Amino acid sequence: MSIKVSYEKILDFVSKKEILQFEDKLQKAQKAINNKTGKGNDFLGWVDLPLEISPVIVKDINDTATALRMNSDCVVIIGIGGSYLGAKALIEALNHHFSSLLKTKTNPDIIFAGHQLSEDYMTDLLELLDNKDYSIVVISKSGTTTEPAVAFRILKEHIEKKYGKENAKNRIVAITDKSRGALKTTADAEGYKSYIIPDDVGGRYSVLTPVGLLPFAIAGFDISTLVEGAVEMREQNINNNSIETNIAFKYAAARNALYSNNFNVEIMVNYQPNLMFFTEWWKQLYGESEGKENKGIFPAGVSFTTDLHSMGQYIQEGLRMIFETVISVEKPKSELKVNSDSQNLDGLNFIVGKRLNEVNKMAELGTMIAHVDGGVPNIRIAIPELNEYYLGQLIFFFEYGCALSGYLLDVNPFDQPGVEAYKNNMFALLGKPGFEKQTEQINKRIGK
């Protein structure tokens with residue numbers, strides 16, 4: 001079985017001819033991706049990555065994960081952007097919803113740091129770690145990205161004071177560049193266990209490297225099966241050049257046909273709360289890949305049915321510039337039926353005996369009908385169930401679809417030049433050496 005994509009609920013807004021007209025361009029984009037000849041081709045290592053994750057690599061990652069689990073009540077993952085969102089998405093998708101509150105658990109809590117600069121967050125984290133056995137996985141190609149670098153500086157000092165420098169080094173794992181950068185230098189000097197982020201894999205495409213695999217393994221999940229799902233999806237996508245049968249083609253064509261008709265905002269919808277961070281990963285993947293040269297679909301996300309009671313009004317009757325991509329999980333892990341109540345004050349006895357999942361599915365179907373009637377096209381992505389295998393499929397599907405979409409827009413889907421703007425202003429405001437001219441200019445702008 002495989003994930004499926006359907007676009008029937010956009011055909012009131014764009015014609016099938018408008019969708020199929022992208023086939024030639026998609027075939028060219030596919031060749032550029034597979035042959036590594038398109039824009040940003042030096043960052044296409046993710047295409048073959050599932051095939052390169054050998055059993056030896058998997059065993060090594062699992063061995064490291066086991067060692068960290070044995071010594072830790074919690075493991076702090078330090079990273080930002082693609083060095084954080086992929087791992088968070090995977091773990092949240094399969095974890096018990098209340099894992100941190102369970103009295104009996106076999107795996108450590110996974111905590112994230114270095115993904116913002118909140119002083120209160122870091123202070124609270126240090127207070128927690130004072131009373132917990134913990135380890136650190138620090139993820140950064142350069143080791144100089146401000147948010148994770150600050151977090152690692154603080155946590156490195158804390159863990160060395162807590163356990164002593166010699167013992168602390170066995171509780172720190174670095175995932176970084178193979179040959180250069182501040183973190184690589186530190187890891188070599190201190191003797192940390194290290195893993196490599198390949199040079200030709202960018203952060204937001206790195207979830208199937210140790211960046212995502214090690215945290216996922218620490219959390220107790222099967223990385224071999226995750227990779228198997230990605231391998232299967234790769235085989236489905238790299239040679240099949242038909243919109244009708246290649247689901248990445250289908251998704252890229254559908255969303256770009258809508259974009260050509262002024263649907264500029266794509267809202268990812270989930271009906272399972274543990275997919276919220278998968279949406280966050282998808283937002284970075286598509287937003288950072290496509291949002292260039294004043295082009296691109298703006299990626300947003302909602303969690304239904306919760307957000308039907310907040311954002312539902314706007315989606316139903318607001319500006320008609322949005323379309324939805326619904327992730328629909330067909331089979332839940334659990335079974336729970338609605339019970340009977342003799343007084344029936346809430347009027348819900350009409351659903352007695354129905355599984356809660358059936359109620360959720362009818363909410364999904366009813367919402368889709370309402371939103372399409374209200375002028376919101378819907379793309380549906382169906383997942384047989386939430387497990388490692390189908391998550392692997394979903395990751396590679398979205399990565400490949402994103403690369404195709406970027407080439408349809410004629411942008412480089414693998415760089416992020418706009419990310420530097422805020423950093424340069426921040427460095428100037430903080431008085432970083434070498435930014436004196438920018439400091440002077442920005443101080444004049446803000447009236448200093």
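**View 1. Lining of the largest cavity.** Y271, Q272, I327, S328, V329, N357, N360, K361 and E364 line the largest cavity of this predicted model. The volume of this cavity is about 50 Å³, and a search of the whole structure with a threshold of 30 Å³ or more finds 1 cavity. Two elements, β9 and α15, each supply at least two residues of the lining, and the largest share, 4 residues, comes from α15. By residue class, the lining of the largest cavity comprises 3 nonpolar, 4 polar and 2 charged residues. Rolling a probe the size of a water molecule over the atoms shows where empty space is left.

**View 2. The second largest pocket, with H97, Q272, P332, S334 and L356 lying nearest its centre.** This pocket has a volume of about 660 Å³, and its lining is made up of 26 residues. The elements that give two or more residues to this lining are β9 (322-331) and α15 (356-373), and α15 gives the most, with 4 residues. When the lining residues of the second largest pocket are divided by class, 10 are nonpolar, 12 are polar and 4 are charged. Q272, one of the residues nearest the centre of this pocket, is also one of the residues that line the largest cavity.

**View 3. The largest pocket, with I80, T145, G203, Q416 and K423 lying nearest its centre.** The volume of the largest pocket is about 860 Å³, and 32 residues line it. Helices α7 (146-163), α13 (276-290) and α17 (420-430) each contribute at least two residues to the lining, with the largest share, 4 residues, coming from α17. The division of this lining by class gives 12 nonpolar, 13 polar and 7 charged residues.

**View 4. The largest nonpolar core and the surroundings of F398.** Of the 97 residues in this core, W46, V137, F278, W281, F397 and F398 touch the most other members. Helix α16 (residues 388-408) gives the most to the core, with 13 residues. Leaving aside neighbours within four places in sequence, F398 is in contact with Y251, M268, F278, W281, W282, L285, Y286, I327 and I381. In soluble globular proteins, nonpolar side chains tend to be buried together.

**View 5. Helix α5 and the elements that pack against it.** Helix α5 spans residues 85-94 and is mostly covered, since 9 of its 10 residues are buried. The buried residues of this helix are L85, G86, A87, K88, A89, L90, I91, A93 and L94. These buried residues pack against the strand β3 (109-113) and against α10, α11 (223-238), α13 and α16.

View 6. L213 lies in helix α10, which covers residues 210-218. Because its relative accessibility is 1%, L213 counts as buried. When residues up to four places away in sequence are not counted, L213 touches I53, I61, V207, L208, I223, L226 and V227. For the pair L213 and V227, which stand 14 residues apart along the chain, the C-alpha atoms are separated by 9.2 Å.

View 7. The place of R255 is in helix α12, residues 247-260. With a relative accessible area of 0%, R255 falls under the 20% limit and is therefore buried. Apart from neighbours within four places in sequence, the residues in contact with R255 are E266, Y286, E290, I297, F323, I379 and S405.

Methods: Residues are numbered from 1 along each chain as its sequence is written. This is a predicted model: local features need pLDDT of at least 70, side-chain atom pairs count only at pLDDT 80 or more; totals for chains, interfaces and linings use all residues. Side-chain values use heavy atoms; hydrogens and water are left out. On a 1 Å grid over the protein atoms alone, a cavity is a set of points where a 1.4 Å probe fits but cannot get out, and a pocket is an open set with protein on both sides within 12 Å along at least five of seven lines; lining residues have an atom within 4 Å of a point. Grid points are joined across faces, edges and corners, and a volume is the space filled by probe spheres set on the points. Ala, Val, Leu, Ile, Met, Phe, Trp, Tyr, Cys and Pro count as nonpolar, Asp, Glu, Lys and Arg as charged, and the others, Gly among them, as polar. Buried means under 20% relative accessible area, exposed over 50%, partly exposed in between (1.4 Å probe, protein chains only). Contact means heavy atoms within 4.5 Å. A nonpolar core is a set of buried Ala, Val, Leu, Ile, Met, Phe, Trp, Tyr and Cys residues joined through side-chain atoms within 4.5 Å.
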